[in-house]
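Hello,

Here is the structure I promised to pass on to you.

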Amino acid sequence: MFSTMESDSLGPAESLKALEQTREQNVQRLRKPLRYWIMLACCVAVFALIPLTREWPGWLQLIAPPALILVIALIFAWRQPLAGYRMQLRGRMLLPLLAIVVTIGAVSGFSNALYVEHGHWWIPALGALLLFALVVIAGPSMERWWAKEKSSIDF
């Protein structure tokens, strides 16, 4: 009538293997698809292109970037499922995010300063391309690290 736990339990090797498989499945489940990182990279690249709008009327300078970001978000979100998880950032998980945000600000600011100084149209375009590459490359690798941190178990 009662089953014993000993007959249903796994050995230590099987338990560790099952734990590692579960951890890997969690890492895969916690990661966002690449399209989300491409969407974010496009949105970040818009900010590097803002200096090219200096000759536009003031109202258009204010409306164009948010409108473009909204169009990008709508294009990438079209008929796509929403991410179904929330990840809480803890202590050392904030450092890579902070590093990426500071790098985005530095590249954008440097690109803007060079454009103001020299006036070449390709400087903001190059800055936007660098920011796009940074987010598409660093974002998924940061998220893989976050997922491993989240799914790790401290004994």
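Below is what I found, going from the whole chain to single residues.

First, a word on confidence. Please keep in mind that this is a predicted model. The average pLDDT of the protein is 81, and 78% of the residues score at least 70. Confidence is lowest in helix H1 (residues 5-8), where the mean is 49, and highest in H5, where it reaches 91. Over residues 1-7 pLDDT stays under 50, and for this stretch the model has one contact beyond four places in sequence.

Now the overall picture. The protein has six helices and zero strands, so the elements read α-α-α-α-α-α from the N terminus on. Of its 155 residues, 25% are buried. If you take the contacts between residues at least 6 apart in sequence, 82% of them join residues at least 24 apart.

Next, the pair H3 and H4. How are two packed helices described? By the angle between their axes and the distance between the axes. Helix H3 covers residues 34-49 and helix H4 covers residues 58-77; they pack at an angle of about 170°, and their axes are 10 Å apart. An angle over 145 degrees counts as roughly antiparallel, and H3 and H4 are therefore roughly antiparallel to each other. On the H3 side, the residues that meet H4 are Arg 35, Ile 38, Met 39, Cys 42, Cys 43, Val 46 and Phe 47. Their partners in H4 are Pro 65, Leu 68, Ile 69, Ile 72, Ala 73 and Phe 76. By class, this contact has twelve nonpolar residues, no polar ones and one charged residue.

H3 itself has 16 residues, which should span 22 Å at 1.5 Å a residue; its end C-alpha atoms are 23 Å apart, which agrees. Its buried residues are Tyr 36, Trp 37, Met 39, Ala 41, Cys 43, Val 44, Ala 45, Val 46 and Ala 48.

Leaving aside residues up to four places away in sequence, Ile 69 touches Cys 43, Val 46 and Phe 47. Ile 69 and Met 39 are 30 residues apart in sequence, and their C-alpha atoms are 9.1 Å apart in space.

The loop between H3 and H4 holds Thr 53. With a relative accessible area of 9%, Thr 53 is buried. Thr 53 lies eleven residues from Ala 64 in sequence and 8.8 Å from it in space, C-alpha to C-alpha.

Finally, helix H5. It runs over residues 94-118, and its 25 residues reach 36 Å from the first C-alpha to the last, close to the 36 Å expected at 1.5 Å a residue. Buried in H5 are Ile 100, Ile 104, Ser 108, Ser 111 and Tyr 115. An α-helix has 3.6 residues a turn, so residues three or four places apart point the same way. After H5 comes Gly 119, whose phi is positive, near 75°.

Which residues does Ile 100 touch, not counting those up to four places away in sequence? They are Leu 134, Ala 138 and Met 142. Ile 100 is buried, with a relative accessible area of 14%.

Best wishes

Notes: Residues are numbered from 1 along each chain as its sequence is written. This is a predicted model: local features need pLDDT of at least 70, side-chain atom pairs count only at pLDDT 80 or more; totals for chains, interfaces and linings use all residues. Side-chain values use heavy atoms; hydrogens and water are left out. Axes are lines fitted to C-alpha atoms, for helices over the stretch in contact, and angles run from 0 to 180 degrees between N-to-C directions. Helices (H or I, at least four residues) and strands (E, at least two) are DSSP runs, numbered from the N terminus. Angles under 35 degrees count as roughly parallel, over 145 as roughly antiparallel, 65 to 115 as roughly perpendicular and the rest as oblique. Contact means heavy atoms within 4.5 Å. Ala, Val, Leu, Ile, Met, Phe, Trp, Tyr, Cys and Pro count as nonpolar, Asp, Glu, Lys and Arg as charged, and the others, Gly among them, as polar. The expected span of a helix is 1.5 Å times one less than its number of residues. Buried means under 20% relative accessible area, exposed over 50%, partly exposed in between (1.4 Å probe, protein chains only). pLDDT is the predictor's confidence in each residue, from 0 to 100.
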